[in-house]
Amino acid sequence: MPEPDEVRPPAPVEPPPPLLQLPTLQEIQAIQDAARQEGLEQGRAEGHAQGQAEVRRLTAQIEGILDNFGRPLVRLEDEVVAALGELAVRIAGHLVGRAYEAEPALLRDLVGEALDAVGGSSRDVEVRLHPDDIAALAPLLSLAPGQRLSPDPGLSRGDLRVHAESVRIDGTLDARLRAALSTVMRKAGATS
């Protein structure tokens, strides 16, 4: 028990808590303005990110659509080129055939080139031609022994086929013109 005479020191007194100061109207307005500005900036950033994502999605979609449009156009272009090539071969064949009819010396030169190509002077060679071409060539062409012209009604005017032992040459106008067209197309493709 404590002695009655003893004096106890007084308990320390805690200072009262500071009075809560409420913000002023200007401070409240500044807080609202800062919050609004922060919200606007955050909204802009989110909207910008969403907008960029949407632009990328739409760009990819448009590129896909354009690619799908492009494929048929490439296919159509290939078909048009093939059709034009076929038409060119037919027109050229018709014109060359007429040239051979009008100028049999051209056909004579072609037969000579074909005979040279198979080494015609040293082997038996048969040159097949349309019967009317043979009649036109007979006075213009002198053949070596072992070389002969044979009528082939299945050939058109200006066509020829050469047979020599194991060598066969398809000299039909169609085959020659297609080979020429193929060469031109290859060269055109190489330069494009």
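Colleague: Why is Leu76 called partly exposed?

Modeller: Its relative accessibility is 45%. Buried means under 20% and exposed means over 50%. Leu76 falls in between, so it counts as partly exposed. Bear in mind that this is a predicted model.

Colleague: Where does Leu76 sit?

Modeller: In helix 1, residues 25-102.

Colleague: What makes Arg57 and Glu54 a salt bridge?

Modeller: Their side chains meet at 2.6 Å, N to O. The limit is 4 Å, so this pair counts too. Arg57 and Glu54 are also in helix 1, 3 residues apart. Arg57 has 45% relative accessibility and counts as partly exposed. Glu54, at 36%, counts as partly exposed.

Colleague: How many salt bridges does the structure hold?

Modeller: It holds 6. One of them joins Arg157 to Asp133, with the closest N and O atoms 2.5 Å apart.

Colleague: What does the Arg157 and Asp133 pair link?

Modeller: Distant parts of the chain. Arg157 is in the loop between strand 2 and strand 3. Asp133 is in helix 3, residues 131-137. Salt bridges with shared partners join Asp132, Asp133 and Arg157 into one network.

Colleague: Why is Asp133 called buried?

Modeller: Its relative accessible area is 0%. Buried means under 20%, so Asp133 is buried.

Colleague: What makes Ser150 buried?

Modeller: Ser150 has 13% relative accessibility. That is under 20%, so the label is buried. Ser150 lies in strand 2, residues 147-151.

Colleague: How do you know that Ser150 makes a polar contact with Glu126?

Modeller: The contact between their side chains is 2.7 Å. The limit is 3.5 Å, so it counts. Ser150 also touches Val127, Arg128, Leu129 and Ile134, leaving aside residues up to four places away in sequence.

Colleague: Why are strand 3 and strand 4 called a pair?

Modeller: Pairing needs at least two bridges, and 4 bridges join them, so they pair. Strand 3 covers residues 160-164 and strand 4 covers residues 167-170. They run antiparallel. Val162 stands opposite Ile169.

Colleague: What do strand 3 and strand 4 form?

Modeller: A hairpin, with 2 residues between the strands. Glu165 in the turn has a positive phi of about 40°.

Colleague: Which residues does Pro104 touch?

Modeller: Ala136, Leu137 and Leu140, not counting residues up to four places away in sequence. Pro104 is found in helix 2, residues 104-117. The C-alpha atoms of Pro104 and Ala135 are separated by 9.9 Å. Along the chain, Pro104 and Ala135 are 31 residues apart.

Conventions
Residues are numbered from 1 along each chain as its sequence is written. This is a predicted model: local features need pLDDT of at least 70, side-chain atom pairs count only at pLDDT 80 or more; totals for chains, interfaces and linings use all residues. Side-chain values use heavy atoms; hydrogens and water are left out. Buried means under 20% relative accessible area, exposed over 50%, partly exposed in between (1.4 Å probe, protein chains only). A polar contact is a pair of N or O atoms within 3.5 Å; within protein, one must be able to donate a hydrogen and the other to accept it, and residues adjacent in sequence count only if both atoms are side-chain atoms. Contact means heavy atoms within 4.5 Å.
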